[in-house]
Amino acid sequence: QVQLVESGGGLVQPGGSLKLSCAASSNRFNFNHMGWRRQVPGKEREWVARIHGNGRVYYTDSVKGRFTISRHSNANTVYLQMNNLNPEDTAVYYCNGNLPTVDGAREFWGQGTQVTVSS
């Protein structure tokens, strides 16, 4: 069973920065992609950023130019550097990993970490 462990959330003032980390419980797995989604009460969980096995990255429009996703070269660990945060970034951020299976793919989730942007 794959586990994703997150760290790095917290409270930050507008314009500040945070860095989230997500580590998978094993390096034996080759994820199709790993990334981050976020959710606020009453809304669906939305993609923030993801990085694919071939290095291709995706960002939702609202974070382009402010957030950077990266992946450790030798481990199933992803990072999300978040700069110039604003109150609209306040959410629970979930690490997500998409793992290929014999009949398709399976998603795994971290426990979620709260990011609050407030003065």
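**Strands, core and loops**

Reply: The chain has 11 strands and zero helices. Helices (H or I, at least four residues) and strands (E, at least two) are DSSP runs, numbered from the N terminus. This is a predicted model: local features need pLDDT of at least 70, side-chain atom pairs count only at pLDDT 80 or more, and totals for chains, interfaces and linings use all residues. Residues are numbered from 1 along each chain as its sequence is written, and side-chain values use heavy atoms, with hydrogens and water left out.

Me: Which strands form the open sheet, and in what order?
Reply: Four strands, in the order 1-3-8-7, with antiparallel pairing. Two strands pair if DSSP finds at least two bridges between them. Strand 1 (4-7) and strand 7 are the edges, each pairing on one side only. From one strand to the next, the twist averages 15 degrees. Axes for that are lines fitted to C-alpha atoms, for helices over the stretch in contact, and angles run from 0 to 180 degrees between N-to-C directions.

Me: How many bridges join strand 1 to strand 3?
Reply: Four, and the two strands run antiparallel. Ser7 stands opposite Ser21 in strand 3.

Me: What about strand 9 and strand 10, how do they pair?
Reply: In the antiparallel sense, over six bridges. Strand 10 covers residues 104-109. A hairpin of two residues joins strand 9 to strand 10. Pro100 stands opposite Ala105 in strand 10.

Me: Now the inside. How many residues are in the largest nonpolar core?
Reply: It has 29 residues. Such a core is a set of buried Ala, Val, Leu, Ile, Met, Phe, Trp, Tyr and Cys residues joined through side-chain atoms within 4.5 Å. Buried means under 20% relative accessible area, exposed over 50%, partly exposed in between (1.4 Å probe, protein chains only). Leu4, Trp36, Leu80, Met82 and Tyr93 have the most contacts inside this core.

Me: Which elements give two or more residues to this core?
Reply: Strand 3 (18-24), strand 4 (33-39), strand 5 (46-52), strand 7 (67-71), strand 8 (77-82), strand 9 (91-101) and strand 11 (113-117).

Me: What does Leu4 touch?
Reply: Leaving out residues up to four places away in sequence, its partners include Cys22, Phe31, Met34, Cys95 and Trp109. Contact means heavy atoms within 4.5 Å.

Me: And the whole chain, what share of the residues is buried?
Reply: 45% of the 119 residues. The C-alpha atoms fill a box of roughly 45 × 30 × 25 Å along the principal axes.

Me: Switching to loops. Where does Asn84 lie?
Reply: In the loop between strand 8 and strand 9. Asn84 counts as partly exposed because its relative accessible area is 46%.

Me: Where is Arg56?
Reply: In the loop between strand 5 and strand 6 (57-59). Its relative accessibility is 47%, so Arg56 is partly exposed. Arg56 touches Arg50 and Ile51, not counting residues up to four places away in sequence.

Me: What separates the C-alpha atoms of Arg56 and Asn83?
Reply: 21 Å, with the two 27 residues apart along the chain.
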